[in-house]
Amino acid sequence: MKFGPVPVGEAEGAVLAHSVRAGGRMLKKGAVLGAEAVAALEAEGLAEVIVARLEPGDVAEDVAAEALARAVKGSGLKLTAAHTGRVNFKARGPGVLVVDAAKVRAINAVDPGLTLATLAPYTRVTPGLLAGTVKVIPYAVQGAALEAAVAAAEGAMRLAPVVLERAVVVLTEVPGQKPSITEKGRAAVEGRLKALGIAVAAVEVVPHETGAVAAALRAAEADLALILTGSATSDAHDVAPQGLRQAGGSVERFGMPVDPGNLLFLGALGEMPVIGLPGCARSPALNGADWVLERVACGLPPGPEEFAEMGVGGLLKEIPIRPQPREAW
């Protein structure tokens with residue numbers, strides 16, 4: 001691609017690099033100059049304009065952007081029309097964005113003029129949310145570069161939809177607990193489920209006792225169970241995880257390297273995933289429990305490696321329920 005100033009009389013068929021007013025109208029940046037536009041520029045008295053002229057083997061920005069976006073696009077995503085070298089990816093429904101970071105890096109390493117940007121892996125998305133964008137930086141790129149980027153693109157990004165439909169919420173209360181604390185927790189948990197499109201099958205408020213938790217879980221008729229205790233779970237054999245075991249289930253993980261959210265546990269009762277929520281789940285603010293809930297809801301429960309990776313970028317936000325800072329200065 002050639003770029004630079006040319007005499008107006010030689011600009012037909014070239015791409016206008018800067019917007020220019022001529023003939024009572026605005027010729028916009030990126031427009032391909034036809035005979036009428038050239039005549040308007042000459043009538044305006046302009047001697048030259050800055051243009052880009054494609055050469056053999058070049059692919060125009062919109063064509064290149066659409067080709068790369070179509071190669072990247074995985075299930076659950078839809079594309080916007082190409083415009084000024086850009087195509088956006090929009091989520092078709094609720095879920096989490098699955099990104100192959102190595103493939104994104106490979107695409108972006110081909111040519112600086114071909115770019116793909118995405119949300120962070122496993123970001124929760126809602127219908128219509130912008131999940132990623134392809135942007136072709138110059139007015140055209142070499143066809144060979146586009147072919148290489150397209151070859152690296154398959155599987156780079158997809159939407160994992162929510163696959164669980166109904167959840168039961170178990171709330172425990174310690175003696176003397178204020179009703180407002182229970183209601184705050186209930187509202188926050190139900191809000192999270194609603195955002196994922198998961199119906200609340202039942203909310204069970206029970207004493208903070210192992211047997212009570214076990215009974216509530218055994219009675220659950222749902223795809224998912226969430227437990228929010230009146231007193232924080234401080235050990236893998238505390239009331240809530242032990243209640244899950246007593247109900248016939250298993251605890252697969254206690255604790256996670258995300259703060260707030262450390263005191264979470266993950267287990268199962270038969271085919272039903274069970275998440276023991278940390279106390280910070282009473283707040284609607286993002287915390288580690290959201291990362292686990294969202295993945296579980298989409299059929300992507302985190303294993304040991306995924307939990308370990310969560311420590312990089314592990315939130316570290318000060319929250320109202322922790323009244324003093326972590327360190328004194």
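Reader: What covers the buried residues of H1?
Author: In this predicted model, the cover over the buried residues of H1 includes strand S3 (20–22), strand S4 (25–27) and strand S5 (48–53).

Reader: And which residues of helix H1 are buried?
Author: Within helix H1, which spans residues 35–43, the buried ones are Ala 37, Val 38, Ala 40 and Leu 41. Seen down the axis of H1, these buried residues fall within an arc of 160°, so they line one face of the helix.

Reader: What does the face turned away from that buried side carry?
Author: That face of H1 carries the exposed residues Glu 36 and Ala 43, and just after the helix Gly 45 takes a positive phi of about 85°.

Reader: Switching to Leu 224, where does it sit, and is it buried or exposed?
Author: Leu 224 belongs to strand S17, residues 224–228, and Leu 224 is buried, with a relative accessible area of 0%.

Reader: What is Leu 224 in contact with, neighbours within four places in sequence aside?
Author: With those neighbours left out, its contacts include Leu 164, Ala 167, Leu 193, Met 272, Ile 275 and Val 296. Ala 167 is 57 residues away from Leu 224 in sequence, yet their C-alpha atoms are 4.6 Å apart in space.

Reader: Which residues touch the most other members of the largest nonpolar core?
Author: Of the 32 residues in that core, they are Leu 193, Ile 198, Leu 224, Leu 226, Ile 275, Leu 277 and Val 292. Among the elements that each supply at least two residues of this core are S17, helix H5 (179–195) and helix H8 (288–297), and H8 gives the most, with six residues.

Key
Residues are numbered from 1 along each chain as its sequence is written. This is a predicted model: local features need pLDDT of at least 70, side-chain atom pairs count only at pLDDT 80 or more; totals for chains, interfaces and linings use all residues. Side-chain values use heavy atoms; hydrogens and water are left out. Helices (H or I, at least four residues) and strands (E, at least two) are DSSP runs, numbered from the N terminus. Buried means under 20% relative accessible area, exposed over 50%, partly exposed in between (1.4 Å probe, protein chains only). Contact means heavy atoms within 4.5 Å. A nonpolar core is a set of buried Ala, Val, Leu, Ile, Met, Phe, Trp, Tyr and Cys residues joined through side-chain atoms within 4.5 Å. The arc is that of the directions from the helix axis to the C-beta atoms.
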